[in-house]
There are 2 protein chains.
Amino acid sequence: MNTYADRLEAAIARCGNACLVGLDPHLDALPEEFAIARDPKAPRAARAQAIGDFLCAIVDVAAGRVPAVKPQSAFFEVLGADGVAQWERVVGHASAAGLLVIGDVKRGDIDSTAKAYAQAFLEEAPRCDAITINPYLGADSVQPFLDTCAKVGGGVYVLVRTSNKHSALFQDHGTPLLHEKVADEVARWGTGLLGACGLSSVGAVVGATHPAELARLRQRMPTTPFLIPGYGAQGGSAKDVGVGFLPGGRGALVNSSRGILYAYKQPAYRDLHWKDAASQALARMQTEIAGCWR
Amino acid sequence: MNTYADRLEAAIARCGNACLVGLDPHLDALPEEFAIARDPKAPRAARAQAIGDFLCAIVDVAAGRVPAVKPQSAFFEVLGADGVAQWERVVGHASAAGLLVIGDVKRGDIDSTAKAYAQAFLEEAPRCDAITINPYLGADSVQPFLDTCAKVGGGVYVLVRTSNKHSALFQDHGTPLLHEKVADEVARWGTGLLGACGLSSVGAVVGATHPAELARLRQRMPTTPFLIPGYGAQGGSAKDVGVGFLPGGRGALVNSSRGILYAYKQPAYRDLHWKDAASQALARMQTEIAGCWR
C-alpha cells in the first residue's frame with residue numbers, strides 16, 4: 001500500500017508545483033449564481049447543493065494542475081447534515097478527479113473519540129487522504145490518528161504554528177517555545193510513518209505569515225511534509241513560503257483559498273467569469289510557487 | 001435574554017445536582033437491540049437511526065433529573081451526513097425535553113472559520129446551549145465564539161486541563177504551566193460574559209483525573225463554570241470532583257458517559273434492561289455528586 005507521503009510526493013512531481021487549493025465556501029463571497037446558498041429562507045438542502053455545485057466546479061478547474069485540494073469542514077457544517085452531505089460529494093468528486101484531498105477539520109480528542117474521528121475522515125468512504133489535527137490534548141490523543149494512518153495509508157497535518165495574527169499567545173509559551181516542542185514531537189511521531197520517498201505521512205501546519213519561524217521549523221522537522229497556509233489573501237508572499245520547502249522543491253504544500261475561489265472579486269480579474277478568474281489566479285499561483293524554493 | 005450561565009445555574013438548582021450525561025454512542029457498546037448500528041453492511045441511514053433511537057431513549061431517562069446532556073460529535077460524524085442528521089435529532093429532542101445541551105465538538109480555527117463553527121453549533125437550529133472549544137490557536141480564534149455567545153446567549157467550555165493520561169505533554173509545558181496560562185485567559189475572557197448569577201458563560205474543561213490541579217484551577221478561575229470529565233469510567237471519584245465546585249455546590253458539571261449509557265454491562269446492573277440500568281446508575285451518580293462538594 002502506498003503511503004500518503006509517497007502519493008503526495010508523486011503528485012507534486014507530476015504537477016510540477018506544490019499548490020493546494022483551499023475549498024472554503026464562505027457564503028458571503030460566493031458568486032451571484034450561487035446566491036441561494038446565503039438565503040436563510042431557502043431550503044437548507046438547496047443552499048448546501050449550491051455550495052457543492054460551486055466547489056465541484058472549482059475542483060474541475062484544479063484537477064490535473066495541482067496535487068491537492070483542502071475542503072474546510074466548518075463551512076459545510078454550518079448547513080448541518082445537508083452541508084455534510086455536500087462535503088461527501090465534494091471529497092468524492094475531488095478524489096475521482098485524481099486530486100489528493102486534505103480534510104481541514106482540526107479535530108483532536110481523547111483516545112476512543114480520536115479513533116472515531118480518524119475513522120470518520122480517513123477510513124469511511126468517501127475518505128480524505130489526510131486531515132489536519134490539533135495537538136493540545138497530547139500524544140495519546142494523536143496516536144489513534146497515527147494508527148489509522150498506518151492502517152489505511154493516510155496522513156495527518158498537526159497544527160504547529162498557525163497563520164492567525166495572535167497565534168503566539170499559547171504557541172510561543174515557554175522555553176523551548178510550545179510550538180517548537182510540538183514540532184519535535186511531530187518529527188518523532190513521523191519516524192514511524194516514513195514512506196519510500198523519505199518523507200513521513202505525519203505533516204505539520206506552519207503558517208507563511210511567520211517566515212523566520214517557517215525556516216527554523218523546516219530545520220527542526222527535516223522529513224515532515226508542511227502544509228503552509230497564509231499565502232495570498234492572508235499576506236504571505238511566494239518568497240515567504242519558499243523557506244518551508246526542502247531542496248528540490250519537495251516537502252511542502254502552499255495553500256490559497258480565497259485568492260483562488262474568489263479571484264473574480266479582485267481588480268485584475270473583474271472582467272472575467274468567476275471560473276476563468278479562478279483559473280487565471282491559479283495559473284499565476286502555480287508559476288509563483290513552482291520557483292519559490294530556489 | 002438569559003445568559004448561558006444563568007440558565008445553567010437555574011437548571012442545577014432545579015435538579016438539585018450537577019450531573020452531566022455524556023451521549024457517546026460507541027458503536028461497539030450499544031445494547032443488542034441496536035446492533036444494526038455496528039453492521040458495516042447495513043444502510044448507513046439505518047445505522048445512524050439506531051444511534052438516534054438509543055440516545056433519545058437515554059435523553060428520556062435523563063430529562064427532569066439532571067441539568068444537561070453532552071453529545072459527542074465524533075460518534076455521529078463517523079456515520080457521515082446520516083450521523084449528523086441524528087445529531088440534530090438528538091440535540092432537538094434533548095432541548096425539547098428541557099435539558100441544556102453541551103455539544104462536545106472541541107472545535108478551534110482562525111477567525112472567519114471559527115465564526116462559521118460558532119454559527120453552526122450555537123446559532124443554527126437545532127442549536128446547542130454551549131460547546132467545547134480548543135484554545136491552541138489563541139485569543140483571536142476564541143473571540144468569534146465569544147461574540148456569538150454574547151449574541152445568542154450561548155456558552156463555551158475551553159479545554160484547559162483534559163482528563164486523558166498524557167495530557168501533561170503540552171498542557172504542563174513552561175512556567176507558568178501552559179494550562180495555567182490558558183486558565184488565566186479563560187478567566188479574563190469570561191469577565192465580558194458574566195450572568196446575573198455572578199458566573200460567566202465562558203467555562204473550562206478541567207479533568208477529574210488530576211484532583212490537585214482541579215482545586216488549584218478552581219482558585220484561579222473563580223467565576224468560571226467547570227465541565228469536569230473523568231468521573232466514573234475514567235477513574236475520578238466523587239471526592240475527586242468535589243474540589244471543582246464553588247461553595248454551595250455551584251459552578252460545575254460532572255460528566256459521566258459510559259458509566260450511565262452502558263451501565264447494563266456492569267455486574268451491579270446485569271440483570272436489568274439497559275434502560276433501567278442507565279436509570280439506576282444515574283440515580284447513584286445523582287446522589288454521589290449532590291453531596292460531593294461538601
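The model is predicted: local features need pLDDT of at least 70, side-chain atom pairs count only at pLDDT 80 or more, and totals for chains, interfaces and linings use all residues. Residues are numbered from 1 along each chain as its sequence is written, while chains are lettered from A and ligands numbered from 1 in the order in which they are written. Helices (H or I, at least four residues) and strands (E, at least two) are DSSP runs, numbered from the N terminus.

**Contact between the chains**

- Chain A contributes 47 residues to the contact and chain B contributes 47 residues, where two residues are in contact if their C-beta atoms, placed from the backbone, lie within 7 Å.
- On the side of chain A that touches chain B, two or more residues each come from α3 (74-77), α4 (80-96), α5 (111-123), α6 (139-152), α7 (168-171) and α8 (178-190) of chain A.
- The most residues on that side, 7, come from α5(A).
- By class, that side of chain A holds 19 nonpolar, 19 polar and 9 charged residues; Ala, Val, Leu, Ile, Met, Phe, Trp, Tyr, Cys and Pro count as nonpolar, Asp, Glu, Lys and Arg as charged, and the others, Gly among them, as polar.

**Helix α5 of chain A**

- Of the 13 residues of α5(A), 10 are buried, so the helix is largely enclosed by the rest of the structure; buried denotes 20 or more other C-beta atoms within 10 Å of a residue's own, with C-beta atoms placed from the backbone.
- The buried residues include Thr113(A), Tyr117(A) and Phe121(A).
- Their cover includes β3 (100-107), β4 (130-133) and α6 of chain A, together with α3 (74-77) of chain B.

**Strand β8 of chain B**

- Strand β8 (residues 252-256) of chain B is mostly covered, with 5 of its 5 residues buried.
- Ala252(B), Val254(B) and Ser256(B) point one way from β8(B), and Leu253(B) and Asn255(B) the other way.
- Strand β1 (residues 19-23) of chain B runs parallel to β8(B), joined by 3 bridges, and Leu20(B) stands opposite Asn255(B).
- Strand β7 (residues 226-228) of chain B also pairs with β8(B) in the parallel sense over 3 bridges, with Leu227(B) and Leu253(B) as bridge partners; strands pair if DSSP finds at least two bridges between them.

Definitions and conventions
Buried ≥ 20, exposed ≤ 12 C-beta atoms within 10 Å, placed from the backbone.
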